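Subject: Structure handover

Hello,

Here is the structure you will be working with. Please open it and keep it beside this email while you read.

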Amino acid sequence: MDFSLDETQTAVRDAARRLAREKLVPRAKELDRTGGFPEESLRELGALGLLGVAVPEPLGGAGAGAVAYAAALMEVAEACASTSVAMAVTNMVAEQIVRFGTDAQKERFVRPLVSGAAVAGAFALSEPHCGSDAAALRTTAVRRGDRFVLNGSKQWITSGDRAGVIIVWARTGGEGPRGISAFVVERGTPGLTAGRPEHKMGLRGSSTVPLVFEDCAVSAGQLLGEEGQGFKIAMSALDGGRIGIGAQAVGLIRACLGASRRYARERKAFGEPIAERQAIRWKLADMAVDLAAAELLTFRAARLKEEGRPFTREASMAKLFCSEASNRATSQAVQIHGGYGYVDEFPVERYFRDARVQTLYEGTSEIQRKVIAREILK
Ligand SMILES: Cc1cc2nc3c(=O)[nH]c(=O)nc-3n(C[C@H](O)[C@H](O)[C@H](O)COP(=O)(O)OP(=O)(O)OC[C@H]3O[C@@H](n4cnc5c(N)ncnc54)[C@H](O)[C@@H]3O)c2cc1C
């Protein structure tokens with residue numbers, strides 16, 4: 001498989017890199033400290049086409065595909081993991097509407113998403129009682145004439161209080177996956193309220209909220225795909241989303257390797273730079289190997305997706321390996337920095353906190369292993 005980037009992919013990556021280095025790096029520490037929301041950064045990403053990297057150009061996207069998307073997300077995550085999460089979910093939501101939506105839905109929802117006018121997209125699947133077992137969701141959508149009325153609660157919704165466009169999964173039929181449908185709901189729809197943002201260990205510049213639906217009526221034209229097709233849409237979104245988590249993890253590992261290499265050369269102990277110690281060199285070497293493997297797994301899954309080939313197993317492999325590797329790398333980066341790794345004078349403590357969630361969301365490591373095993377036993 002050829003992993004070199006073509007001209008378009010390189011241009012997208014370079015645009016993301018410039019924005020990341022010039023704007024996102026300087027904002028990242030403050031965003032984490034204050035727990036704000038990267039609205040301005042999202043607008044700037046939108047202006048460069050980076051909120052719809054794989055969305056076709058006629059709908060306002062960059063039309064550059066999954067590989068360019070992964071390359072851009074790596075750059076953004078290296079600068080600011082919180083911003084990369086909002087970017088990733090927005091791309092995912094836009095792509096699902098492009099794939100499953102009607103022409104009217106594409107016109108109404110995709111343009112505002114990719115331009116940044118909708119601020120962000122959100123993906124409302126998890127509920128207070130179920131995350132891994134998403135097919136057990138209880139939110140209902142009952143048809144009344146030409147409307148569906150939604151009732152229920154969602155939990156852990158990234159950008160849920162800021163997003164202008166939210167895909168919401170609800171039960172329109174009986175129990176199990178076949179009873180689930182997906183709806184595109186706009187912010188401000190009567191009956192939809194967002195709860196208090198969670199106080200998180202990391203990703204503090206990303207808003208994570210519960211959503212409550214109380215007799216929230218949407219038009220039948222906001223049903224995404226067919227009735228009963230919702231679970232399939234969610235799983236297809238998560239396959240792509242897992243490439244996004246792989247890319248985020250790559251960004252964090254790169255950031256750790258860069259910070260650790262610099263620090264190891266500068267910091268002296270026992271009369272010489274700690275980079276001279278085998279114990280430190282081996283940590284750097286392990287980090288570099290993890291980074292190379294993480295990049296290859298992520299780009300492999302992205303390339304398969306772009307070529308329209310099956311990629312469920314490869315996306316789960318990338319997500320599993322990269323998220324575990326980013327936890328190893330961020331922990332070792334703190335170790336290399338000694339006491340300075342534990343305070344916010346250096347960014348590695350933030351990387352450590354930001355990486356932790358990667359083995360949890362968009363399917364835990366246990367769920368990725370379940371998916372990979374299922375695929376290889378088919
Ligand atoms: C910061 C953050 C942002 C998030 N953003 C979103 C979002 O935007 N939209 C959204 O819908 N959700 C979101 N989530 C939810 C996230 O996807 C879930 O937390 C995740 O899927 C795990 O579900 P759970 O928390 O219910 O854990 P559970 O499913 O209760 O799992 C608990 C433990 O049991 C293990 N387990 C469960 N089932 C099995 C099994 N069959 N085999 C082996 N082990 C198993 C899990 O791996 C885990 O270790 C977010 C979560 C966080 C923390």
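First, a definition: helices (H or I, at least four residues) and strands (E, at least two) are DSSP runs, numbered from the N terminus.

Two notes on the source. Residues are numbered from 1 along each chain as its sequence is written. The model is predicted, so local features need pLDDT of at least 70 and side-chain atom pairs count only at pLDDT 80 or more, while totals for chains, interfaces and linings use all residues.

**Overall**

The protein chain has 10 helices and 10 strands. Its radius of gyration (taken over C-alpha atoms) is 21 Å, close to the 21 Å from the globule rule (2.2 Å times the number of residues to the power 0.38) for 378 residues, so the chain is as compact as a globular protein of that length. The C-alpha trace spans about 80 × 45 × 40 Å along its principal axes.

Next, burial. A residue is buried if 20 or more other C-beta atoms lie within 10 Å of its own, exposed if 12 or fewer, and partly exposed in between; C-beta atoms are placed from the backbone. Of the 378 residues in the protein chain, 54% are buried.

**Domains**

The chain is divided into domain 1 (7–120), domain 2 (123–230) and domain 3 (231–377). These bounds come from an automatic or database domain assignment. The C-alpha centres of domain 1 and domain 2 are 22 Å apart. Contact here means that the C-beta atoms of two residues, placed from the backbone, lie within 7 Å. By that rule, 27 residues of domain 1 are in contact with 17 residues of domain 2. On the domain 1 side, helix 1 (7–34), helix 4 (81–100) and helix 5 (103–115) each supply at least two residues. Helix 4 gives the largest share, 11 residues. By class, this side has 19 nonpolar, 7 polar and 1 charged. Nonpolar means Ala, Val, Leu, Ile, Met, Phe, Trp, Tyr, Cys and Pro; charged means Asp, Glu, Lys and Arg; the others, Gly among them, are polar.

**Strand 5**

In strand 5 (residues 180–186), 6 of the 7 residues are buried, so the strand is largely enclosed by the rest of the structure. Two strands pair if DSSP finds at least two bridges between them. Strand 5 pairs with strand 4 (residues 165–171) in the antiparallel sense, over 7 bridges. Within that pairing, Ile-166 has Val-185 as its bridge partner. Strand 5 is also joined to strand 8 (residues 223–224) by 2 bridges, again antiparallel. There, Phe-183 stands opposite Leu-223.

A residue is near a molecule if its C-beta atom, placed from the backbone, lies within 6 Å of it. The ligand is surrounded by 23 residues, the closest being Gly-131, Ser-132, Thr-158, Thr-364 and Glu-366. Strand 1 (121–124), strand 3 (147–158) and helix 10 (365–377) give two or more residues each to this shell. The shell has 12 nonpolar, 7 polar and 4 charged residues. Domain 2 and domain 3 each provide at least three of its residues.

**Two backbone angles**

Most residues other than glycine have a negative phi. Asp-215, in strand 7 (residues 208–219), has a positive phi of about 45°. Is Asp-215 buried or exposed? Asp-215 counts as exposed, because it has 10 C-beta neighbours inside 10 Å. Glu-362 also has a positive phi, about 55°. Glu-362 is buried, with 29 other C-beta atoms within 10 Å.

Best wishes
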